[in-house]
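Please look through the sequence and the 3D view below before reading on.

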Amino acid sequence: MSGPGLRSGQLANAAGINLQTLRYYERRGLLASPQRSPGGHRLYPSDTVTLLRVIKTAQRLGFTLNEVADLLAAGRHQHSGQPDGGLQARAREKLVEVEQKLSDLTVIRDTLRAAISAGCDDLVACAGSSCCPLPFAELAGRNDRADTG
């Protein structure tokens, strides 16, 4: 790298993101405002590449951008000596969410397999059949309770 920092395009390429994502993260406060070159170009420190990769990895692990921002803030607090729940607590919470989603997806998968095996071709006809494996009656009951509750 030549000069005091990476320009926007260089940073985006190095981190594997596009310029719109870079600007969005900056607006969201995930990235500090960069310095400017004499020509007005944004100049980011080279360690911003690592920060962007961390953000994208956290998103792939299921963390929302708000959660990522909280994790980054918690990391800054930890480095400043202030106690915080940090990554361990938040990772445990995310793991519980992921395991619940996996459980839900397993039920959905099994139900769809049953529908395929039963030969369901028409949703309306299937919903009226006693042998239909799709939980139409159960879901309708949930929706009715939610509408009145």
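Which residues form a nonpolar patch on the surface? The patch consists of Val 98, Leu 102, Leu 105, Ile 108 and Leu 112, and together these residues have about 440 Å² of accessible area. A patch is built from residues with over 30% relative accessible area and no salt bridge, where like charges are joined within 9 Å and nonpolar side chains (Val, Leu, Ile, Met, Phe, Trp, Tyr) within 5 Å. Accessible areas are computed by the Shrake-Rupley method with a 1.4 Å probe, and for residues only the protein chains shown count as cover.

Two notes on the source are needed here. This is a predicted model, in which local features need pLDDT of at least 70 and side-chain atom pairs count only at pLDDT 80 or more, while totals for chains, interfaces and linings use all residues. Residues are numbered from 1 along each chain as its sequence is written, and side-chain values use heavy atoms, with hydrogens and water left out.

Now for the chain as a whole. The chain has seven helices and two strands, and along the sequence they follow the pattern α-α-β-β-α-α-α-α-α. Helices (H or I, at least four residues) and strands (E, at least two) are DSSP runs, numbered from the N terminus. Of the 149 residues, 24% count as buried. Buried means under 20% relative accessible area, exposed means over 50%, and partly exposed lies in between (1.4 Å probe, protein chains only).

Helix α3 covers residues 48-60. The expected span of a helix is 1.5 Å times one less than its number of residues. For the 13 residues of α3 this gives 18 Å, and the end C-alpha atoms are 18 Å apart, so the two values agree. Within α3, the buried residues are Thr 48, Val 49, Leu 52, Ile 55 and Ala 58. Just after α3 comes Gly 62, with a positive phi of about 105 degrees.

Helix α5 runs over residues 86-118. α5 has 33 residues, and its first and last C-alpha atoms are 48 Å apart, close to the 48 Å expected at 1.5 Å a residue. Gly 86, Lys 94, Thr 111 and Ala 115 are buried in α5. Val 98, one of the patch residues, also lies in α5. Val 98 is partly exposed, with a relative accessible area of 30%.

Charged side chains come next. How many salt bridges does a search of the whole structure find? The search finds four, where a salt bridge is a side-chain nitrogen of Lys or Arg within 4 Å of a carboxyl oxygen of Asp or Glu. In one of them, Lys 94 pairs with Glu 67, and the closest N and O atoms are 2.9 Å apart. This pair links distant parts of the chain: Lys 94 is in helix α5 and Glu 67 is in helix α4 (residues 65-79), 27 residues apart. Lys 94 counts as buried because its relative accessibility is 7%, whereas Glu 67, at 24%, counts as partly exposed. The two side chains also make a polar contact (2.9 Å). A polar contact is a pair of N or O atoms within 3.5 Å; within protein, one must be able to donate a hydrogen and the other to accept it, and residues adjacent in sequence count only if both atoms are side-chain atoms.

An α-helix has 3.6 residues a turn, so residues three or four places apart point the same way. Glu 97 and Lys 94 are three residues apart in helix α5 and are therefore separated by about one helical turn. Glu 97 is partly exposed, with a relative accessible area of 34%. Salt bridges link Glu 67, Lys 94 and Glu 97 in a network.

Another salt bridge joins the side chains of Arg 109 and Asp 110 (3.0 Å, N to O). Arg 109 is partly exposed at 40% relative accessibility, and Asp 110 is partly exposed at 38%.

The last topic is aromatic rings. Rings of Phe, Tyr and Trp (its six-membered ring) pair if their centres lie within 6.5 Å; planes under 30 degrees apart count as stacked, over 60 as edge-to-face and the rest as tilted. By this rule there is one aromatic pair. The ring centres of Tyr 24 and Tyr 25 are 6.5 Å apart and their planes are at 50 degrees, so the pair is tilted. Tyr 24 is partly exposed, with a relative accessible area of 33%, whereas Tyr 25 counts as buried at 2%.
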